[in-house]
Amino acid sequence: MSASRLKESLQACSKSFETGDIAESDEAVAGAVSLLDSIAEAPPPDAEDVLIEIDRFLSSQQSNRMAVDALSLEFPKVVIRFASLSDKCEEIAGDVIKNLVGICNPRDMLSILCEALDSHINVSRAPIYYVLLLNELSKVFRRIQRRQIEQLKVALPVILKVIYEVSSDTDEGDRNSLDELFGAAYSIGTSIQKICEELEERMKQELCAILGLYALQNIALVSRSRRAHRASSLCLHVVEFSRFLRFCGLSYSGLITGSDFNSIAGKISKMDGDDVMACFSFALDGASLAVIWGLISDKVADAAGQQVDATLNIIRNHSNKRWLAVCMLKSIFSSIHYPWEIKSHSIDLLLSIMGGVDPKEAYDKSIDFASFMPGIFAVLKGIERTVIGAPDASSRKRTFGALRKVVSSLPCSERFDVLKALITNSVSPSMMALLVDIVKEEIHVESHQKITPGADETTKGQIYKESCPFWTPHVLDVVELILKPPQGGPPPLPEHSEPGKQTKRVCLKRIHSEKPTQSGYSLFGH
């Protein structure tokens, strides 16, 4: 039986160190490791007994300490493979890892557990394996007394890689396992916070910044997980990670504008070969998602120590912050990895940011819009894709309404350029028709623009029309782009390729008609 063979091998390994013969010790360790590997490859029927033997070896006073240290590198890799076999195996495997954490040097144990995490991710992505290791890692962090930040920078890339890979691959039906995974991730954050409270001020600032980025990264990972389409089922985890935001002094107004993210990212010291910032690749998404979750649940906002309504009032009343907040949403709308429910709440936030703002007062003439335009265009393209991917006509209408709201809040010149670029880069004939509708409506609105009385009305009207692109020959460029595509071929107009048969005359009618037509709204189910 495997358990008896392992017992003999471990005893022989322990005795070899007592003789002082290095060659004999190396050979005994190699034999024990080889046996452990063969057992792990095909877990035997007596798996529980194998785990018990390992646990006895670690706990026995008769086991040679050097033998324990030599084999401790292999034990975690082996025991986690047995964890999923039965509840008893999971329990004993957890005891073995706890035993190792208690008797081994914490800095060595940090490397051992990280290697076990990294090596096993290529074998399986079942959460049960990683929950055991992550929970014990959180205890190891607390035991490290020196150079904690340096050790964390080595471990966090591995930890966050595992959380990302496992949460992205775990089936939504495996609810308990996913809850345990994010629970273990939270325990890591709790340990970082405890260390942070004990450090002197200079080191505390950097570690606090790392904790803030870690919390934002995990909020993004929760939002990307396969259960995120049911936000209520994941709200508890966002509540937990939001507590770290409060501890780190991060505010919703600073997060949604990106200023708090830039602030904490700037506090991370850069060293040769240090790739710690790379492991926070979704933390910027997490900054806006933290506010979106605060909109979803009051419990999340309370945990962060923030008030969503107060934040929105600040953003609405400050033009620069408002456009920064809009641009922060671009990757959420553009990504295919955030589910519709998250994007729907993102639309709610966007409408709340732009709501109640008079279009005439939506921009400050002192703002350099050229710096915002790439971000605004990316947001609008993301919303365009969200419109097309929305689950029903009602959702598509609401989402397209958000696009129109953003466009209408731009200055006249930028508004024309954005619409022209959206039409040029649209791949959906129906979407193109809707965008042309906006152009036509802009012409209609501008043609009835009131001129301030008290001066030469004709002169004022002429000056206004010459300064507005919707009243210049440039508007004809839009028509030409549609009827004569730069890449050649026939005009990409809605015909047989999309629901709701349409003809080329539809778009021409949209340009020349006095009132908006409804015939092109196939995306909305008409």
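Is aspartate 21 buried, partly exposed or exposed, and what is its relative accessible area? Aspartate 21 is partly exposed, at 37%. Here buried stands for under 20% relative accessible area, exposed for over 50%, and partly exposed for what lies in between, with a 1.4 Å probe and protein chains only. The areas themselves come from the Shrake-Rupley method with a 1.4 Å probe, and for residues only the protein chains shown count as cover.

The model is predicted, so local features need pLDDT of at least 70 and side-chain atom pairs count only at pLDDT 80 or more, while totals for chains, interfaces and linings use all residues. Residues are numbered from 1 along each chain as its sequence is written, and side-chain values use heavy atoms, with hydrogens and water left out.

**The start of the chain**

Aspartate 21 sits in the loop that runs between helix H1 (2-19) and helix H2 (22-41). Helices are DSSP runs of H or I with at least four residues, numbered from the N terminus. Together with Glu24, Asp26 and Glu27, Asp21 forms a negative surface patch. Patches are made of residues with over 30% relative accessible area and no salt bridge, like charges being joined within 9 Å and nonpolar side chains (Val, Leu, Ile, Met, Phe, Trp, Tyr) within 5 Å. The place of a charge is taken as CG of Asp, CD of Glu, NZ of Lys or CZ of Arg.

Glutamate 24, another member of the patch, belongs to helix H2. Its relative accessible area is 36%, which makes glutamate 24 partly exposed. Between the C-alpha atoms of glutamate 24 and cysteine 13 there are 8.8 Å, and the two residues are eleven apart along the chain.

**Salt bridges**

The whole structure holds 13 salt bridges. The term covers a side-chain nitrogen of Lys or Arg within 4 Å of a carboxyl oxygen of Asp or Glu. The table lists some of them.

| Pair | N to O distance |
|---|---|
| Arginine 56 and glutamate 53 | 3.3 Å |
| Aspartate 69 and arginine 65 | 3.3 Å |
| Arginine 398 and aspartate 348 | 2.6 Å |

Where does the pair of arginine 398 and aspartate 348 lie? Arginine 398 is in helix H22 (residues 393-408) and aspartate 348 in helix H20 (residues 340-354); they are 50 residues apart, and the pair links distant parts of the chain. Arginine 398 is partly exposed at 27% relative accessible area, and aspartate 348 is partly exposed at 28%.

Arginine 56 and glutamate 53 both belong to helix H3 (residues 47-59), three residues apart, or about one turn of the helix. Arginine 56 counts as exposed because its relative accessibility is 53%, whereas glutamate 53 counts as buried at 13%.

Helix H4 (residues 65-72) contains both aspartate 69 and arginine 65, four residues apart, again about one turn. In an α-helix there are 3.6 residues a turn, so residues three or four places apart point the same way. Aspartate 69 is partly exposed at 40% relative accessibility, and arginine 65 is partly exposed at 44%.

**Cysteines and helix H18**

How many disulfides does a search of the whole structure find? The search finds zero, a disulfide being a pair of cysteine sulfur atoms within 2.5 Å. Cysteine 327 counts as buried because its relative accessibility is 10%. Cysteine 412 is also buried, at 18%.

Cysteine 327 is one of the buried residues of H18, along with Ser319, Arg322, Trp323, Ala325, Val326 and Met328. Seven of the ten residues in helix H18 (residues 319-328) are buried, and the helix is mostly covered.

**Other positions**

Methionine 109 lies in helix H7 (residues 106-120). Its relative accessibility is 0%, so methionine 109 counts as buried.

Arginine 147 is in the loop between helix H8 (127-143) and helix H9 (148-169), and is partly exposed at 44% relative accessible area. Although not a glycine, arginine 147 has a positive phi of about 55°. Most residues other than glycine have a negative phi.

Serine 168 is in helix H9 and is partly exposed, with a relative accessible area of 28%. Serine 168 and histidine 337 are 169 residues apart along the chain, and their C-alpha atoms are separated by 9.2 Å.

Conventions
Lys, Arg positive; Asp, Glu negative; His and termini not counted. Helix = DSSP H or I, 4+ residues; strand = E, 2+ residues; numbered from the N terminus.
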